[in-house]
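Hi,

Here is the structure I said I'd pass on to you. Have it open while you read, and I'll go through what turned up.

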Amino acid sequence: MQDNIDSKTYFSTELLEWYDRSKRDLPWRRQRDPYLIWVSEIMLQQTRVDTVIPYFQRFIGRFPTLKDLAEAPEEDVLKCWEGLGYYSRARNLQAAARQVMERHGGVVPANKADVAALKGVGPYTTGAILSIAFNQPEPAVDGNVMRVLSRYFLIRDDIMKTGTRTLMEELAAGLIPRGRASDFNQALMELGALVCTPKSPQCLVCPVMAHCAARIEGVEETLPVKSKAKPPRPEYRLAALVEGDGEHAGRVLVRRRPDTGLLARMWELPHIPAAAIAGEGAGLPDGPAMDRLAAELAAAGVPAQPVEAFMDAEHTFSHIHWNLRVFRFHEAAGHAAAAGLPGLGLAAAEAGAAYETSGSELEEDSAEYRWIKPEDMAALAFPNVFLRILKQYSPLWG
DNA sequence: AATTCGGGGAA
DNA sequence: TTCCCAGAATT
């Protein structure tokens, strides 16, 4: 046991010394404004430092104070988050900022219960805010920390299990040197990011290599133990890029997604589910696909004529893999084209059935549609996959 | 305890 | 390709 205590003391001391010497100069480390620390921590959830930096700079330029964020239109916040992913983080962050305005007079609270009660703030972020911004001795256990601790202390528990994180928090709490919670927690994550990496850890330059149990056993590459996530399920979708006519000339049709679920409240090109698309297995023809899409558009009050199959696009979410086939349409102002393509007979209708999915596939029937021009893109948040499509359509839309 | 939430960088 | 990243909310 004495050896164990020495091992812990050694770990904390050496890690802190290493951090003081080699920490990165990151934007959110240049001050200790709890609001800015908080914003950075939310952005950093499941997201790399290099990805976050430009978003952080832009975000705090647009919303310099918690009050600015609380008073902004939600659309502005979402637009600022565009491309960063996990958009509920942005909506929760703003909701929490409004919480702070109402409950705490605009001052980020410095106690555990109040911080943990903020929307979008879970166990990790609670510890991160309290320790980094207020130097309180709370653990902040993320993926980096679990990797470092699992190796140094040779912990073989599956880090995907809830109980393992609790175990790690108790261990991490006991490692925090008195008065150095802020630096120590950041040091732990910094080590995981720069040295104790998932693959090919740089043990030879690690400040705590001498007492790292996994290194001594030669098993550092096998830790942490982590059960594999399920692969994303494939989904096939038919999307429409509708060019406006007449008063809509120079515009394209977009719609806003529902308030909840995947990509909530983001804007997108209209699309419908399909069982498959041409080139993906069955080699289905494009005609029936365009027919179904035209019917969908007509139902939305937008008669349109198909022009061509424009492009395919893929996009992987955590749990879904989208295969998109995008068709270009031209608005047919004046007459309802719900009947579908001219010249498509019964055979085409039967082929169209092959696209249909088995379950209920009705898209949001009350979806909000809008004809937009390129300048409107500055105010509307789109998922990256649709930004790519629009950019390929024309640089005007990039 | 399992699923649902994006997107991209690195090997 | 595969992994996984300064995770949280929901069911």
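This is a predicted model: local features need pLDDT of at least 70, side-chain atom pairs count only at pLDDT 80 or more; totals for chains, interfaces and linings use all residues.

Residues are numbered from 1 along each chain as its sequence is written, chains are lettered from A and ligands numbered from 1 in the order in which they are written, and side-chain values use heavy atoms, with hydrogens and water left out.

**The protein chain**

Chain A has 15 helices and 7 strands. Of the 398 residues in chain A, 48% are buried. Buried means under 20% relative accessible area, exposed means over 50%, and partly exposed is in between (1.4 Å probe, protein chains only). If you take contacts (heavy atoms within 4.5 Å) between residues at least 6 apart in sequence, 70% of them join residues at least 24 apart.

**DNA strand B**

There are 19 residues around DNA strand B, and the closest are Tyr-87, Leu-263, His-315, Ser-318 and Asn-384. A residue is near a strand if one of its heavy atoms lies within 4 Å of it. By class, this surface has 7 nonpolar, 10 polar and 2 charged residues. For the classes, Ala, Val, Leu, Ile, Met, Phe, Trp, Tyr, Cys and Pro count as nonpolar, Asp, Glu, Lys and Arg as charged, and the others, Gly among them, as polar.

Which parts of DNA strand B lie within 4 Å of the protein? Sugar or phosphate accounts for 57% of those atoms, and bases for the rest. You can look at one example of each kind:

- Phosphate: an N or O atom in the side chain of Tyr-87 is 2.6 Å from a phosphate oxygen.
- Sugar or linking oxygen: a polar side-chain atom of His-319 lies 3.4 Å from one.
- Base: a polar side-chain atom of Thr-47 lies 2.9 Å from a base nitrogen.

**DNA strand C**

DNA strand C has 26 residues around it, with Gln-46, Gly-120, Thr-125, Asp-142 and Asn-144 the closest. Here the classes come to 10 nonpolar, 7 polar and 9 charged.

Phosphate oxygens of DNA strand C lie 3.0 Å from a polar backbone atom of Gly-122, 3.3 Å from one of Gly-143, and 2.5 Å from an N or O atom in the side chain of Asn-144. The elements giving two or more residues to this surface are helix 2 (34-44), helix 8 and helix 9.

Asp-142 sits in the loop between helix 8 (123-133) and helix 9 (143-152). How far away is the nearest side chain of opposite charge? That is Arg-147, at 7.5 Å, and Asp-142 is buried with no salt bridge (a side-chain nitrogen of Lys or Arg within 4 Å of a carboxyl oxygen of Asp or Glu). The Asp-142 side chain does reach two backbone nitrogens, that of Asn-144 at 3.3 Å and that of Val-145 at 2.9 Å. Setting aside neighbours within four places in sequence, Asp-142 touches Tyr-124 and Met-189.

Gly-120 is in the loop between helix 7 (112-116) and helix 8. Gly-120 counts as partly exposed because its relative accessibility is 37%. Beyond neighbours within four places, its contacts are Ile-42, Gln-45 and Asn-92.

The peptide bond from Leu-223 to Pro-224 is cis, with omega near 0°, and Pro-224 lies in the loop between helix 12 (213-217) and strand 1. Ser-200 isn't a glycine, yet its phi is positive, near 50°. You'll find Ser-200 in the loop between helix 11 (181-194) and helix 12. Arg-265 also has a positive phi, of about 65°, and is in the loop between strand 2 and strand 3.

Cheers

Terms used:
Helices (H or I, at least four residues) and strands (E, at least two) are DSSP runs, numbered from the N terminus. Lys and Arg count as positive and Asp and Glu as negative; His and the chain ends are not counted. A polar contact is a pair of N or O atoms within 3.5 Å; within protein, one must be able to donate a hydrogen and the other to accept it, and residues adjacent in sequence count only if both atoms are side-chain atoms.
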